[in-house]
Every structure is written in C-alpha cells, then in structure tokens.
Amino acid sequence: MKYRRLSSLKAIVAFLVFTLLISACSSPASAPASSDAAGDTASDAASGDAAASGGDARQFEGTELNLLYFAMTYTDGLQQLLPEFEEETGIKVNFELLDEQASVQKTQLELASGTGNYDIVGIQSGNMPLYGQNGWVTPVENFYGTPLSDPDALNPDDFIGSTMDALKYDGVQQCLPMFAATTILYYRLDIFEEFGIDGPPATYDDLIEIASQIDTDAIPAIALRGSPPSPAGNVWSFGTFFHGEGAQYFADFPNDMTPTVNSPEAITALENFVELLQNYAPDGVASYVFNDVVTAMQQGNVAMVIDGAPLAGRILNPDESKVIDKLGFAVVPAGAAGQKAAFVAHGLCIAADSPNQEAAYKFLEWATSAETMRQVALASNHLAVTRDSVWEDPDFIAKYDFDYGGGSFLTAYQDSLAVAVPDYFPPFAGWELIGQRMGQAVQEAEIGEKTPEEALNDANEDMIRILQDEGYLQ
Amino acid sequence: MHSSNAQRAYYKYLAPTMAVIFLLTVVPIIVTVVLSLTSLSYRSANPSRFIGIQNYVRLFSDERFLNSIPISIILIVVPVAAQLILGFIIAVIMKEKLPGMGWLRLLFVAPMVLPPIVMGLMWRILFTPQLGGVNYLLSLVGITGPNWLSDPTYALLAVIMAAVWGWTPFVGLMFLTSMQSFPVDIYEAAVIDGASWTKSVRYITLPLLRPTIFVVGVFRVIEALAIFPIIFILTNGGPAGATETVNFYGYVSGFNFLRIGYASAIMVFFFMMLLLITAPSVGFLLRNQQMER
C-alpha cells in the first residue's frame, strides 16, 4: 500500500512540474513564428568558391536566406520587389515578419542563443550597442572593398550620415540603414481654422492652450502614444517633451551614469504630457499604441498628433485616409531648451551566426541600394528613406511632398531631422531597462496613479539600483 | 504487498516516461536554478559570474516584484472561487430537463474550445472604450463604463472576468457529469419526504459533489496560471504593473530585459510559491483517496 501511494504522489508531483513549466515557459509571441524558422538548414554550398568567382550574379544560386523583423513600410515594399532579386541571383529570401515587440524579442533570443536560423535581422538604432557588445552581427564594413561588394550599389556616402552613425559600434559600421524616423506635429487645418487659430503651436504652453480651445467630445484635441510603457511606446512620444525642456536621462552620459530623470525639467515635461493626455485626448489614450494614434488621425477622430514623420505614408494613404487635403505639418513645439525631435534609424544586419554570410551580404547590399530604396518608396508607403539621392529624386518628391496649404510635408520632415536629438535614447546596452522603467513612470502619471513628480522620483530611485546591478554605476 | 519482481516490472514500464520527464522538466529546472545564481545579463556592462543568492536578495527590494506577488495570488484565488461558484450554479440548472437545454449546453461549452490567445483578443475588443461591447451593454442600463484596460483596478477586473468566462464551462461540465452519476432514488425519496428543490440541492447535491468540487478546485488552482496568454494579450501586465503576475514579470525580465540570471531567480521563487500552494492540497487529495479505499 505504501509503495503505491508514493508512486502516485511522485506522478502527481511530476505532472505539476510539467504543467508549471508549460504554463510558465511557453511564450505566445514565439509560438506562431516557429514554423518558418524551425526546420531550416539551408545549405551554403556556394560560399567556398565565392572569392574566386567575384561578381558572378548567380554564384549563390540555390541559397535560402531567412529574414526576421517586423512588418513595416520598408518590408512591404521590399517584398514586392523581391521576385526581381530572386530571379537575378537565384537566392531565395523568406521574410518572417512579426509585430514590433515580438520581433525584437525573438531576434534577441535567436541571436543570444546562436541558433543560426536567421541570416538577416532588422535592428533599431537604440539596440546597436546591445548587438555590438555581444557580437551578434557581422559588421557590414567587413565586406567593403571585397570582390563581393559592388561599390555602385553599396555607395556608403549616399546614406544620410546620422543614420549611418546610429548603426556603428566601436566606430565600425555594423548594419545598413533603411529607415530614418523623426517626429513631427500633424494638425487639422480645417479645425484650426474653425476655431480661429492661425498656425501650429510654437511652444508646449501654446500646445496646451490650443488643445484646451479645440477639444470637443466628437474630436478630441490630441493623441499620443500612451502605451506600451517602453521606449517604442510612450517613452518615444514623451521624449520630445522631455528633451524639449532640456531634461537628460543621465548626469553626463556616458561618463557619469547617475540617472537624472526627476530633474525639474523632466517633471515639467511630464506635467505637460499628462495634462494633454488626461484632459484633451480620446478616452483610453493611456492604452494607445502607435497604431491607435495613426488610426485616430487617419480616420479624422483627433485634431493633432505628434508622432513619426514616416507615418504620413499611412495617415495619408489614399485608400484609407479621411484627412487628405486637411492636414498641416510642423516641427514639434519648443520647450525651455528649444525644439527637440525624436530620432531613430532602422537597419538590416547580417546575423553573426548565419551560415550564409556572403549571400546575406549580397541581399543586404541590394536591399539598401539607392535604386531599390527608390523603388520601394514608389511602390509602398515608405517615405523614411535613408539615402540623399532618393530624397532628391523627382518621383519621390512628387509622391510624398504633401502640401494642403499649411506648408510642405517634406520641408517639415527635413527641418525636424535637423532638430532631431541623435542620442534620443542613450546608446548603451542597458538602455531598454532604463527605458522600460521610464515608460512605467510615464504610464503611472498618465493614469493618475502617481503625480509626475512622485512617478519620476520613484523611477530615478529604481534606475540607480538597476544601473548598479548591471555594473554601470558604483 | 507486491513482490519485488512486480516492482521491477513497474520500473521498466515507467522508464520511458521518466526519461522524458527528466529531460523536459528536471534538467531545465536544474539549469534554471544554476542560472539564478549567476549575474548573466546581456544588458550588463560586466561579464556573467557566480553571485550566490544575490539575485534572491535583490528580489525582496524590487518593488515591481513585490507588487506582483499579491496580484498572482488575487489572480489565482478570485477567478477560481468565482469559477467554482458559477460552475456549480450552472451545473445545477443544466441538470434539469428543461426545453432547449441541449442547445444551451452546446453554447455553454463554446469557450472551452477557444485557445486563450483568442479569448484575450476577443475580450480586448470587447473592452475597448469606443467600440467595445461591454461599455455598450452598460450604457443600455444607464452606466457609463470605465476605461477598462487603462485603469489599474478595472484592468485587473477585466482579466478576472475573461478568466472566469473562459474556464467556468470546464468546471460546470465536471460538476454536471459528476451529478449525473448521483443515484436518482435519493432525490425521489427527498421529494416524497416533501423536500423542496432548493433543499435537495443544499442537502443532497452539494454534499455528494464535495469531493468533485475539491478535485476540480485543486486542478483549477494549478492551472490558474495558464492565465498568462490572457494577460499577455489583454493588458501586457499593465497599466503600470496592475496585472503583472510573478511569472509574467519573470518572462519580461528574461525575454525583454535579457536579465537571464535575475529572471531565473524569479521563476525559481515562482516555482516554490506554486509548490507551497499546491503541495498541501495534493497531500490532502491523496489522503482522501486513501480513506475512500
């Protein structure tokens, strides 16, 4: 009797452990994606004689490349052009596109565990130090001047300098940029006219003043990202307020990493941000992610948004937009420290654990070449191009220079890039930890759980601990 | 007593299962425990090293972690209690032979076939302030609905509601099948003795069902943490950590923050917490079985 009881106890404990592991460890984000990645062991037959055959377009024929990133305008356009590349080179490229957060997470897990499942991965400039420090990507600079490289297609000097700099680590070019983003203010010309307001707000005080005048139940004054509490979410939106007031994340980055997010400047910035969200924004704005902001503007449900300039392609997409002919564009308002716009570059990298390094380079070179970028911009809603020559292209200008009487969109975009903060997110591997804690504080203030001052004081205290734990602070 | 031969045969038959369990559960648990004693973090300025129980010490000054413990407990206790009560009521009603009950039963078990991810997506739409069905229904009775997912109190309530909706059918179904095996003559005797319907539920159904309630309750507690996908989709632990359970924080620490050592410590703690909750009830369950024999 005793024996039987023991064994059934064991079985139940084992069952418990098993259930626990399944419920705890299965990440829903990775579940739908694994099918593509798992069984892939694409052969790299061609790499052996690569150098010898030089510029042979079909030297990697039969190679299969896997790309991992999230669905964005650039990948949309690239997928449309892909058949040409595949036909020309005989390389097959599989796109695995998730949502943004899931893709970043999956990329990092794949690279950290060295699975070699992906040959090309996308990157946001904020993650460059993380990827560089851990050696997760093969520096693209390694291929410069090799027989494999086509100088006309590569043409590094044609890239916008700031986007290239954002994807360097230790002074070495790691990845190539394909997306340059900054923030601008979009506002409804018709609503401004209706309320007798003659132009976009020059300062954050003006912004709040105007918002209080034009806010109605039918069309609230402004939408901003209230969520998720992370750098890609509310910290992205809040950053223009934060930098605008002259606030800094650290006492003297990167020499003195003492956090300073509870400075008087930061508190003022958060008070302004919260005042707008709590009083003059749509209900539920604290859970608005970037898609909600885009949709609110696109569908005519809000009078102003401050968000990525590249999103104009979607906000003004002729098939969906209800605000064509109604929008004005302006550089973000100024705080005590002037106008400070967001900045982020997205790029494509060669995964260090990819078994198809050279074929991956060929793809990267093609995908970021001026000609491809131009065609992508014309074929999709991608206007966040990273090459000077495309910015100056007449077809590009004809397609994207929206102007409905409130001034040129491309001018506002370029003026914003000029005032964009290069280190909008401080470039170091621990940034995500600080950014997420910041996002939490911003959200606590948004929903009124804490005052801006309390939220930032608590965040600052936690950040000190996090930075000490991770060895950035004594 | 069994002969030693029979015992050896037991082991032989159990060996393949044990090997799988060892590989899939014991090994990962050991690795997790080892990792929890290191400072492994891809975001650190320093290389990984052995730091003893420092991660565990850190846990108890981490407010976000401390905040996640009561939330885990709430999200185990409240939904399970509600599921048991509602499941009982529904089972009692469904046991009655009323017209149309066959269809009702079919409708009723619908949530059981939905994956939790789908449940989460569905509820997220229902809770959206402008388009969601929940606030519309409330407005019909003159109540202005809250911003479900952006208010800390209501977000927690929203998760609880989704969990109750999702797993009450399972509980009800278990109760119903158990009730259908009850001898009819007791009820007939009760009717003859003049017992009302409510009295026979109170004095016959409930006592007979007690062992089932207990078993189902234990299972629900163990599985209550399968609520993870609902949290993931519905609130992502927010707003401001209001729906972040211990295992969700462990997941965020590991997969978003890439602080592998720290995340492992959180998960080891979580494992202990779960053992603490379930071990006594499992022991009780076994003793009960013993007595029945």
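1. The expected span of a helix is 1.5 Å times one less than its number of residues. Helix 7 of chain B, residues 152-180, can be checked against that rule. This helix has 29 residues and reaches 42 Å from its first C-alpha to its last. That is close to the 42 Å expected. Keep in mind throughout that this is a predicted model.

2. Helix 7 of chain B also has a kink, of about 35°. The kink lies at Trp167(B), shortly before the proline Pro169(B). At the start of the helix, look at Asp151(B). A side-chain oxygen of Asp151(B) reaches to within 3.0 Å of the backbone nitrogen of Thr153(B).

3. Two residues of chain B, other than glycine, have a positive phi: Asn236(B) near 55° and Leu258(B) near 60°. Most residues other than glycine have a negative phi, and most peptide bonds are trans. Asn236(B) is found in the loop between helix 10 (228-234) and helix 11 (246-256). Leu258(B) is in the loop between helix 11 and helix 12 (260-292). Asn236(B) is partly exposed, at 29% relative accessible area. Leu258(B) is buried, because its relative accessibility is 1% and buried means under 20%.

4. Ser196(B) sits in another loop of chain B, between helix 8 (184-192) and helix 9 (197-223). With a relative accessible area of 35%, Ser196(B) is partly exposed. Its C-alpha is 37 Å from that of Leu75(B). In sequence, Ser196(B) and Leu75(B) are 121 residues apart.

5. Now chain A. This chain holds 21 helices and 15 strands. Of its 474 residues, 59% are buried. Take the contacts in chain A between residues at least 6 apart in sequence: 75% of them join residues at least 24 apart.

6. Domain 1 takes 62-180 + 344-397. Domain 2 takes 183-343 + 427-469. The C-alpha centres of domain 1 and domain 2 of chain A lie 29 Å apart. Across the boundary, 14 residues of domain 1 are in contact with 13 residues of domain 2.

7. How many disulfides are there over all chains? A search of the whole structure finds one. The disulfide joins Cys175(A) to Cys349(A), with S to S at 2.2 Å. Cys175(A) lies in the loop between strand 6 (172-173) and strand 7 (176-188), and Cys349(A) in strand 15 (residues 343-351), so the pair ties together parts of chain A that are 174 residues apart in sequence. The torsion about the S-S bond is about 100°, so the disulfide is right-handed. Cys175(A) is buried, at 0% relative accessible area. Cys349(A) is buried too, at 0%.

8. Asn66(A) deserves a look. This residue lies in strand 1 (residues 64-70) of chain A. At 5% relative accessibility, Asn66(A) counts as buried. Its side chain makes a polar contact with the side chain of Asn94(A), at 2.8 Å. A polar atom of the Asn66(A) side chain also lies 3.2 Å from the backbone oxygen of Asn117(A).

9. Helix 13 of chain A covers residues 290-298. Val293(A), Val294(A), Ala296(A), Met297(A) and Gln298(A) are buried there. What do the buried residues of helix 13 pack against? Their partners are strand 7, strand 8 (222-223), strand 11 (304-308), helix 14 (312-315) and strand 12 (327-330) of chain A. Just after the helix, Gly300(A) takes a positive phi of about 75°.

10. One joins Ser227(A) and Pro228(A), with omega about -15°. Pro228(A) lies in the loop between strand 8 and helix 11 (234-244) of chain A. Another runs from Phe253(A) to Pro254(A), with omega near -5°. Pro254(A) is in the loop between strand 9 (250-252) and strand 10 (256-259).

11. Last, Thr146(A). Its place is the loop between strand 4 (137-138) and helix 7 (151-154) of chain A. Thr146(A) is partly exposed, at 25% relative accessibility. From Thr146(A) to Ser113(A) is 29 Å, C-alpha to C-alpha. The two are 33 residues apart in sequence.

Technical notes. Residues are numbered from 1 along each chain as its sequence is written. Chains are lettered from A and ligands numbered from 1 in the order in which they are written. This is a predicted model: local features need pLDDT of at least 70, side-chain atom pairs count only at pLDDT 80 or more; totals for chains, interfaces and linings use all residues. Side-chain values use heavy atoms; hydrogens and water are left out. Helices (H or I, at least four residues) and strands (E, at least two) are DSSP runs, numbered from the N terminus. The bend at a residue is the angle between axes fitted to the seven residues ending there and the seven starting there. A polar contact is a pair of N or O atoms within 3.5 Å; within protein, one must be able to donate a hydrogen and the other to accept it, and residues adjacent in sequence count only if both atoms are side-chain atoms. Buried means under 20% relative accessible area, exposed over 50%, partly exposed in between (1.4 Å probe, protein chains only). A disulfide is a pair of cysteine sulfur atoms within 2.5 Å. Domain bounds come from an automatic or database domain assignment. Contact means heavy atoms within 4.5 Å.
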